[in-house]
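Please look over the model below, then read the briefing on its strands, loops and overall dimensions.

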Amino acid sequence: MSTTIHPITIIDHPGSSQADIENEPNWGDGRHHKIGYRNRQDRVVGLTHRGDEKQDVGDFDREALKDLALLHDRVRKGDLVNFRDAITQQKASSGHCYYLLDFHLRHPDVHSAGWRYVLDTTEDWIKNIENWPANVQKREAAKKAQNLQNDGPKTPDLKQEDDWRRSLGQNKHHGAYASNSEGDKVHQGDKDPKKGASEREKLHGKYSAQEIALLRNLRHEKDYIYNLKQNNGKRKSPIGNGEQLISIDEADQFSPDNWIPRSEKLIRLTGKHPLNAEPQLTALFDAGLITPNSLHYVRNHGPVPHLLWETHVLEVEGTNLKLSMDDLKSNFEPINIPVALACDGNRRKELNMIKRSKGFNWGSGAVSCAYWKGPLLRDVLLAAGVPETYPEGKRYWVNFEGADELSDGKYATCIPFEYALDRRNDVILAYEMNDVPLPPDHGYPLRLLIPGYVGGRCVKWLKRIWVSDRENESHYHIWDNRVLPSFITEKDGDFATTMFAHPDTLCNEQNLNSVIVKPAQGERIALTNARKGKTYRIEGYAYDGGGHEVQRVEISLDGGDTWLYCIRKFPEAPIRHGNKYWTWLHWHLDVEIIHLLRAKSVSVRCFNVFKNTQPERPSWNIMGMMNNCWYVVIPEIVEEPNDSVPNILFRHPTEPGTGNGGWLKESTDVQVSNAKQAAGGPQKQFTREEIEKHDKEGDCWVVIDGKVYDATSVLGWHPGGVTAILGHAGKVHQETSDEFSSIHDGYAYQKLSECILGIITDRAKDFIKTAAEKVAEDKANSSRGDEDVALQKHRWVPVRLQMRETISNDTRKYTFRLPDHKKTLGLATCQHIQLGFHFKDKMAIRSYTPTRPIFPNEEDGTFQLVVKTYFPDENQPGGAMSNILDCMPIGEEVDIRGPTGDISYEGNGKFNIEGEERNYSRVTLVLGGSGVTPGYQLICRILRAKGDTTELRVIDANKSQADILLRDEMDKLQEEHKTQFKITHVLSHPGDGWKGLSGYVNADIIKANAFEPKVGNAVFLCGPPAMIQHAVLPVLKDWGYEEGNNCFGF
């Protein structure tokens, strides 16, 4: 801290004499040119220059020295130098003396016009400061006068400017700062024995507790920033050994990405496919300064290519260099550095509330910071024989292309050649992320990583590199990652075509940005906490592009009238090459809650090394890119009926994707556009049953906002690809409407209107509403899972085939091992698991009911399935899953998910059906083919449990004797429980010697072998569709059974 004081010394003066006052000229007459007074040219009129007269200074050597260095030596020794000495000793380079001569007179060609001779001293130093006898006499006289004054009245204590302003009520810091939580405790360094009084006492005498805490924080931050370390590129990620994802989200099961593990904490912004997602903002921040791979935001334009390390090759086109991944890892020195990566669409939703852009609704979580490892691009290019420099006068670019297959061609882009070759820019060909191989969503096995650039330039699944003398002209380089003037409102037409190809609309370096994370969206603080001394920590993140440090972050509680300083924290060793900051930072500010209560808003802004800061207002553009206006959180006082006291509720500008909880509401223009889109259209009505029939690529209906559209013709040209639409084909659910509105603009709605068929029925609307509520409730409940249980309702987990036993020619018993850390399958009786196997376009899924475990004491980390194999023949390829299981090697993996089904048996006749308890004493099972397994599970649970008296009758329909699954086990149970259990087999194609029932299940067979419909009786069904829907169910309804009351399907 500066301790400079500006002392003031006053020499007492009696003032002008009365005679002088009376004789002062009349200056009011406008005549100022008077002898003895200075004129407008600062010359004393009528008098020679004061001080030029010869004074008696005694004898001294006036002989000019021949060398200016000797003259300086004289000065250092205290010898006196006059004006003649000074002016005659300035020499030219030849060493000869030149009077009144400067170099510019001898060498005018190297001096600018108008150059002037300057004597290398001051007039005041020669005349008044040197120890001439006359000056010595003056100083002695002044000293005597000063001594006389010191004996007089004392002058006031000297004050710094800060003290003076504080005495006037200025320079006092904002009262919102929190005081130090440690109170008056003496801090290390407070006491300074040399100063006598403690630093603490001085500070308390001058500043408030809040100001003292702020001062200490500033001092700490100053030392922290001063001591930040350089990163040598050899460090390890602090989270490199963190938990890796292995489970797969059910949302991906019917897409080409069905093989990729993804975190449930990612918020999907473009529906199920392709994945574009950001983490929940608080989860991102709480994860720390280095983001776990599972929480890193994801931007995909299409399906993730399934590439292999072992076969992937990087080609440097135009050279002979082709590198395998092993070549790249073994032959080049890598660096491993933390880099903040942000999508240039981060915070786009705020712009979309003003007017719909061409981009989807990114919130404020499209930024992350991870360690990236790999060789420098520069080293690979040089190894390929690319010259380090090209001839001056022509521009070159390095181009990059990924392996992903997209609707508009390959994803390719470029960066300036000089930038790519500059070692200080750390452009990396990354093969590791946080010290593990790249996850598929982040470019496995190879990704271009350009620190300080927007994410759109960091090509994933990198396959090809080349140098060109023209900028890249691929679709994604021209039509994405650009900021255009606001008068461009579409992506076609002459103006748009010109500006999208304009070099200056390109987004390369990231821009300055900061966001408030806490208070979180929807966070509440009870008003009982708003008392003096109670504090709250406001927190968030900030970043800048180009390697520029974010040097200051500030918070305003009054709309920008005043600003409070925030304390910054960087990742460990964030500096590269002396001044490059590739990372983000976290910041915080402790404030008293009472000031949050008074705040009309909480705004953040930050400054970079150029002292530039964020704009207050957003700037809309057609692509919704680079939004970096102040991030504003609005507090409000709310009182809910169930709250004992009111709360401060905080709202962020927006929520990502389809969330609508932010304070920023759609503009009038957007609302009018929405109203137009909702109006009109045919009024033909369609039931849920009819809609669900149209679920294929050649017959694709979708339901959006209660209207039915035929999207079949759109599949051929849809920019997002076929999968994005087919995932909603024939589905009557809310997801389709939410996803469409979050992605598309007015033009897309116009094209949609051309596909309209009609509207859904009121009952279908009711179904959508109740189903959405059920899904939300189900997801909330499933998030509270047991760590020991393997099954997850909405995620696929891998299991390993441990054993395969042959039961018959076409039937196998499979034993699967659960993941190592899971001990329990987690399946209730009557429920199913889904088995999944990955194909290129989607996952093949089949439902099975394990035959073991039945009881909790049978849980041993494994489960068993009995599966009939449908072999191929000359007419058909056979069953997909059954043949895969029959052929796959022992030790290989498949995925499971569950439990599925809304029925579970809890024992002693008690069932839980769709959350409702029901009790039955007599149960009939009508089963067909492989549908016997859920029935078998229920049969075992009832018959093997002590004290369960529930009676069972089973009708088991099959084609032939060979098709009867678990026949021996069932017959044995019937023999052991003759009075409680009866099974009847029915064969449609019986062979010789069959003594049981033959034909198809009909009314006579059902009424003869099932319990009649009355109180306490129920029937459960599972079999082929034709058998159940056309034969069994109509008979049961005619007999008196009522579906949903005492008749159910497994």
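Five strands make up an open sheet of mixed pairing, ordered S28-S32-S31-S30-S29. Its edge strands, S28 (685–686) and S29 (695–696), each pair on one side only. Helices (H or I, at least four residues) and strands (E, at least two) are DSSP runs numbered from the N terminus, and two strands pair if DSSP finds at least two bridges between them. This is a predicted model, in which local features need pLDDT of at least 70 and side-chain atom pairs count only at pLDDT 80 or more, while totals for chains, interfaces and linings use all residues. Residues are numbered from 1 along each chain as its sequence is written, and side-chain values use heavy atoms, with hydrogens and water left out.

**Strand pairing**

- Asp695 has Cys700 in S30 as its bridge partner.
- Strand S25 (residues 602–608) and strand S26 (residues 631–638) are antiparallel and joined by three bridges; Val604 stands opposite Tyr631 in S26.
- S26 is also joined to strand S27 (residues 647–651), again antiparallel, by five bridges. Here Glu636 has Leu649 in S27 as its bridge partner.

- Strand S39 (residues 903–907) is mostly covered, with four of its five residues buried; buried means under 20% relative accessible area, exposed over 50%, and partly exposed in between (1.4 Å probe, protein chains only).
- Four bridges hold S39 and strand S40 (residues 910–913) in an antiparallel pair, in which Tyr905 stands opposite Phe911 in S40.
- Two residues separate S39 and S40 in this hairpin, and Asn908 in the turn has a positive phi of about 55°.

**Helix H24**

- Six of the eight residues of helix H24 (residues 880–887) are buried, so the helix counts as mostly covered.
- The buried residues are Met881, Ser882, Asn883, Ile884, Leu885 and Asp886.
- These buried residues pack against six strands, among them S33 (795–806), S35 (832–838) and S38 (893–900); contact means heavy atoms within 4.5 Å.

**Loop residues**

- Thr654 sits in the loop between S27 and helix H18 (668–678). Its relative accessible area is 11%, so Thr654 counts as buried.
- Leaving aside residues up to four places away in sequence, Thr654 touches Lys349, Glu350, Met353, Gly662 and Leu664.
- Asn481 is not a glycine, yet has a positive phi of about 55°. Asn481 lies in the loop between helix H15 (475–478) and helix H16 (494–500) and is buried, at 4% relative accessibility.
- Ala573, also not a glycine, has a positive phi of about 50°. Ala573 belongs to the loop between strand S21 (567–569) and strand S22 (575–576); with a relative accessible area of 3%, Ala573 is buried.

**Cis peptide bonds**

- His273 and Pro274 are joined by a cis peptide bond with omega of about -5°. Pro274 is in the loop between strand S2 (266–268) and strand S3 (276–279).
- Another cis peptide bond runs from Tyr444 to Pro445, with omega near 5°. Pro445 is in the loop between strand S13 (436–437) and strand S14 (447–449).

**The chain as a whole**

- The chain contains 28 helices and 47 strands.
- Its radius of gyration is 42 Å, whereas a compact globule of 1050 residues would have one near 31 Å; the radius is taken over C-alpha atoms, and the globule rule is 2.2 Å times the number of residues to the power 0.38.
- The C-alpha trace spans about 150 × 75 × 60 Å along its principal axes.
- Of the 1050 residues, 47% count as buried.
- Among contacts in the chain with a separation of 6 or more, 70% are between residues 24 or more positions apart.
- The accessible surface of the chain is about 54,200 Å², and 50% of this belongs to carbon and sulfur atoms; accessible areas come from the Shrake-Rupley method with a 1.4 Å probe, and for residues only the protein chains shown count as cover.
- The chain has 131 positive and 147 negative charges, whose mean positions are 3 Å apart. Lys and Arg count as positive and Asp and Glu as negative, while His and the chain ends are not counted; the place of a charge is taken as NZ of Lys, CZ of Arg, CG of Asp or CD of Glu.
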